[in-house]
Amino acid sequence: MAEIFYYDDVKIDPWTYTLTMTEDGLAYVGLKDSEASPIFSYYPNRMLVRDPKRLAPYIQELKEYFAGTRKEFDVPIDISEFGTPFQRNVLNMVQRISYGTTVSYGDIAASLDNARSVRAVAHAVALNPALIFIPCHRVIMSNSKIGGYRLGAKEKARLINLEKSHLHDNL
C-alpha cells in the first residue's frame, strides 16, 4: 500500500504553491501543476490526500514569510525519505543559513566533515524538495552570481531581495 502524503495549495502572488507533508512534517514545496519535477519524482508511489486543516500551520508560516513577518520556520520538516544521507546532510546545513544572508556552494562543501566536491553539494541543493522552508535560495555561486534554482533564477533573486528588504524589520 502506498504511503499517504497530505497536501494543500496556497496562492501567494505570483504563484500557487503546493505544500505536501508526511505524518512527521513538511516533505515538499513546489508550484501547483507547472513544474518539470513534481512531487512524484521525489517521492514515487505515494497517495496524495488533500487536507487543508493539517497543512494550515505550514501555509500560515509561508504567508508570514512572504509578508516579511517570519524569518524562521517553526513547523517540522521531514526529508527523512529524500535522497542520500549526504544530500540530507547538505540540506540540514542549508537550513542553518540565516535569513537575509547567502553562502556559496563551496562554503557548504568546506563545512562538511566528509567534504565532497562543490558539484556534489550543488546537486544536493538543486534537489531540495522543501523549497523556501529549506532555504536553498540562499546558496549562491562563489563568484556571487545567483546560480540555478528549481523555480528559476529570477525567483531565486526575488526571494533573496525579499529577505534583504525585511532583514531589519521586527528584530
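Two strands pair if DSSP finds at least two bridges between them. The model shown in these views is predicted.

**View 1. Strand β1 pairs with β2 and with β4.** Strands β1 (residues 3-12) and β2 (residues 15-21) run antiparallel and are joined by seven bridges. A hairpin of two residues connects β1 to β2. Within this pairing, Tyr 7 has Thr 20 of β2 as its bridge partner. Strand β4 (residues 46-50) runs parallel to β1, with five bridges between them. Here the bridge partner of Tyr 6 is Val 49 in β4.

**View 2. The charged end of Arg 54 sits over the ring of Tyr 6.** The distance from the charged end to the ring centre is 3.7 Å. Tyr 6 is also the residue bridged to Val 49 of β4.

**View 3. Ring pairs link six named aromatic residues into a cluster: Tyr 17, Tyr 65, Phe 66, Phe 73, Tyr 99 and Phe 133.** The model holds eight aromatic pairs. One of them, Tyr 65 with Phe 73, is tilted, with 5.6 Å centre to centre and 35° between the planes. Tyr 65 counts as buried because its relative accessibility is 0%. Phe 73 has a relative accessible area of 18% and is therefore buried too, the limit being under 20%.

**View 4. The largest pocket holds about 240 Å³ of space.** It is lined by 14 residues, of which Lys 71, Glu 72, Phe 73, Gln 95 and Arg 138 are the closest to its centre. The lining comprises eight nonpolar, two polar and four charged residues. Phe 73 also belongs to the aromatic cluster.

Notes: Residues are numbered from 1 along each chain as its sequence is written. This is a predicted model: local features need pLDDT of at least 70, side-chain atom pairs count only at pLDDT 80 or more; totals for chains, interfaces and linings use all residues. Side-chain values use heavy atoms; hydrogens and water are left out. Rings of Phe, Tyr and Trp (its six-membered ring) pair if their centres lie within 6.5 Å; planes under 30 degrees apart count as stacked, over 60 as edge-to-face and the rest as tilted. Buried means under 20% relative accessible area, exposed over 50%, partly exposed in between (1.4 Å probe, protein chains only). A charge sits over a ring if NZ of Lys or CZ of Arg is within 6 Å of the ring centre and within 35 degrees of the ring normal. On a 1 Å grid over the protein atoms alone, a cavity is a set of points where a 1.4 Å probe fits but cannot get out, and a pocket is an open set with protein on both sides within 12 Å along at least five of seven lines; lining residues have an atom within 4 Å of a point. Grid points are joined across faces, edges and corners, and a volume is the space filled by probe spheres set on the points. Ala, Val, Leu, Ile, Met, Phe, Trp, Tyr, Cys and Pro count as nonpolar, Asp, Glu, Lys and Arg as charged, and the others, Gly among them, as polar. Helices (H or I, at least four residues) and strands (E, at least two) are DSSP runs, numbered from the N terminus.
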